[in-house]
Amino acid sequence: MNSLIRYGLLISGILLILSFWNRNSWPDELPLAEALAFEPKQSPLNHVSQTVKYNDLTYTVQPRFNYELYGVVVSKRVHQADYKGSLHGLSEDYLNVADLCVVWGENTNPKILKHFTFSNGQFTCQYQTRSETAWQAFNPNQLSNNHVLSVNKSVRKTLAEANIGDQIVLRGYLADYTNPKGYLRKTSITRTDTGNGACETIWVEQASIIDTMISPWRIMLWISLVVFVFLLGLYIRQPIQAHYYR
């Protein structure tokens, strides 16, 4: 019995590692909300600047446009998890919960996404592919890196928990803001710009995860984890066999 359990632990452990490594791989099919087919909604507003407090610090926020974004998260970086020693922490920028890199429209096709890799730096989102066909099919104007801001605990929790493949909706407004050290961060107000300053800075009033990606790798991850933990429990409960030598 011990040998069977050890063999099972080995197999389930290997599957656990493989599935964890590939957990964010895109499946061939991905059911999508209809709203993901449309461009973000942006409309003028006439709001005066406001001061908000967070972590006993005061920030100035200047709303620019009402904004509503439906998108699929392709990459993320949660700043509140690594404020210490990061540029956000050094500049006392605690409003910026996370950066969420999202796509919408034609770019949500998983048959395109599976050929790309996406990653977030502290302020940027990068994407690349080795497929010329996928590169030609990808619309750079249907991707945005979003600096998401909030002081609401529930909203901040949702923003931090948004995962790769999640379909999300963000409602609020595009805004410029100044941190306590006087650094001004301005928002992009168009989806067609690139380079420095092309990211959207969104003051988020409502955030929802409307669906989560389910893939064979993620299913295998949970199954292999359950099997591994179960077999590990059995192995620990096995009686110790004493060996005597003479």
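Predicted model: local features only at pLDDT ≥ 70, side-chain atom pairs only at ≥ 80, totals over all residues.
Colleague: How are helix 1 and helix 6 oriented to each other, roughly parallel or roughly antiparallel?

Modeller: Helix 1 (residues 2–21) and helix 6 (residues 216–237) pack with their axes 8 Å apart and at an angle of about 150°, and their crossing is left-handed. Angles over 145 degrees count as roughly antiparallel, and therefore the relation of helix 1 to helix 6 is roughly antiparallel.

Colleague: How many residues of the contact of helix 1 with helix 6 are nonpolar?

Modeller: The contact is made by residues including Ile5, Leu9 and Leu16 of helix 1 and Trp217, Leu221 and Phe228 of helix 6. Of the residues in this contact, 6 are polar and 1 is charged, while the number of nonpolar ones is 16.

Colleague: How many residues apart in sequence are the parts that the pair Asp28 and Lys114 ties together?

Modeller: The side chains of Asp28 and Lys114 form a salt bridge, at 2.4 Å from N to O. Asp28 lies in the loop between helix 1 and strand 1, whereas Lys114 lies in the loop between helix 3 and strand 5, so the parts that are tied together stand apart in sequence by 86 residues.

Colleague: Is Glu68, the salt-bridge partner of Lys41, buried or exposed?

Modeller: Glu68 and Lys41 meet through their side chains at 3.7 Å, N to O, and salt bridges with shared partners join these two and Arg171 into one network. Lys41 has a relative accessible area of 57% and is exposed. Glu68 has a relative accessibility of 17%, and because buried means under 20%, Glu68 counts as buried.

How values were computed:
Residues numbered from 1 in each chain as written. Heavy atoms only, no water. Axes fitted to C-alpha atoms, helices over the stretch in contact; angles between N-to-C directions. Helix = DSSP H or I, 4+ residues; strand = E, 2+ residues; numbered from the N terminus. Parallel < 35°, antiparallel > 145°, perpendicular 65-115°, else oblique. Left-handed = near helix turned anticlockwise from the far one by under 90°. Contact = heavy atoms within 4.5 Å. Nonpolar A, V, L, I, M, F, W, Y, C, P; charged D, E, K, R; others polar. Salt bridge = Lys/Arg side-chain N within 4 Å of Asp/Glu carboxyl O. Buried < 20%, exposed > 50% of the residue type's maximum accessible area, 1.4 Å probe, protein only.
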